[in-house]
Amino acid sequence: MAGRQGFEQDPNAAPVNPLPPIVWILALPLIAMELVLTLAANGLVGGTQGVGWRLQAVETFGLFPELLKHQWETGGYPLEELHRLVTYVVVHGSFTHALFAVVMLLALGKMVGEVFRWWGVLAVFLGAAAVGGAVYGLLVPGLRTQLIGAYPGVYGLIGAFTFLIWTRLALVGANRMRAFSLIGMLLAVQLVFGLLFGGSLDWVAEVTGFATGFLLSFVVSPGGFKRVVRQLRQR
């Protein structure tokens, strides 16, 4: 009986660990937006005007480099357009584009959210999106293509996940460069697809988002700010 009891499980336990609430808070606007736009594109909502809803959503929420450069030159004006630095993440170019973003957000958000506090996950995702969008819009010369999609924010979560692996490897004295294998693989895949099918400069925002998420993790991870202060004092 004792041996059998060792294998008994709680019948009320969930088959999988639930996602942290903050991950759903980030994912649900993406899911809702894509659901509406996909239904509209197929004529199921919005009637004849629904076909153009995706374009309208891009115009309303997308990040346009020329507009961002104008705001930089005018000290931020029009201020009401600054929302584009984060709202561009809710609009995607297609159902498939959104699907991969949501799947990655849920998976990475779960892994990071099990360690970080909710506000840390939020700071990494939105911070990576904002910094990635700003670099994309301001530093790439002659760029006119709008930025849409959650990938810069998702890459921020990849940066936070990399930070977690990096710190664990440091604790056991292993090679910390192994922590960057995931981002290296993703960039290699992007390079191959870009060579085969042609690519955009979205990777600028994504790589910036990764770097932002990794660096923010030094501050927003549990005990992160105290760790930074301690290291600065030691210097």
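Tutor: A crossing is right-handed if the near helix is turned clockwise from the far one by less than a right angle, and left-handed if anticlockwise. Helices are DSSP runs of H or I with at least four residues, numbered from the N terminus. This is a predicted model, where local features need pLDDT of at least 70, side-chain atom pairs count only at pLDDT 80 or more, and totals for chains, interfaces and linings use all residues. Residues are numbered from 1 along each chain as its sequence is written, and side-chain values use heavy atoms, with hydrogens and water left out.

Student: At what angle do H8 and H10 pack, and how far apart are their axes?

Tutor: Two packed helices are described by the angle between their axes and the distance between the axes. Here helix H8 (residues 151-171) and helix H10 (residues 202-220) make an angle of about 40 degrees, and their axes are 6 Å apart. H8 is therefore oblique to H10. Axes are lines fitted to C-alpha atoms, for helices over the stretch in contact, and angles run from 0 to 180 degrees between N-to-C directions. Under 35 degrees counts as roughly parallel, over 145 as roughly antiparallel, 65 to 115 as roughly perpendicular, and the rest as oblique.

Student: Which residues of H8 and H10 meet?

Tutor: Contact means heavy atoms within 4.5 Å. On the H8 side they include Tyr-151, Gly-156, Gly-159 and Trp-166, and on the H10 side Ala-205, Gly-209, Gly-213 and Phe-218. The residues of this contact divide into 11 nonpolar, six polar and one charged. Ala, Val, Leu, Ile, Met, Phe, Trp, Tyr, Cys and Pro count as nonpolar, Asp, Glu, Lys and Arg as charged, and the others, Gly among them, as polar.

Student: How does H7 pack on H10?

Tutor: Helix H7 (residues 118-139) packs with H10 at about 145 degrees, the axes being 7 Å apart. The crossing of H7 and H10 is right-handed. Gly-120, Gly-127 and Val-131 are among the H7 residues that meet H10, whose partners include Thr-208, Gly-209 and Leu-216.

Student: How much space lies in the second largest pocket?

Tutor: Rolling a probe the size of a water molecule over the atoms shows where empty space is left. On a 1 Å grid over the protein atoms alone, a pocket is an open set of points with protein on both sides within 12 Å along at least five of seven lines, a cavity is a set where a 1.4 Å probe fits but cannot get out, and lining residues have an atom within 4 Å of a point. The second largest pocket holds about 310 Å³. Closest to its centre, of 14 lining residues, are His-97, Phe-100, Met-104, Tyr-151 and Gln-190. H6 supplies the largest share of this lining, four residues.

Student: What lines the largest cavity?

Tutor: Its lining includes Leu-63, Phe-64, Gln-71 and Arg-84. H4 gives the most, three residues.

Notes
Helix = DSSP H or I, 4+ residues; strand = E, 2+ residues; numbered from the N terminus. Points joined across faces, edges and corners; volume = space filled by probe spheres on them.
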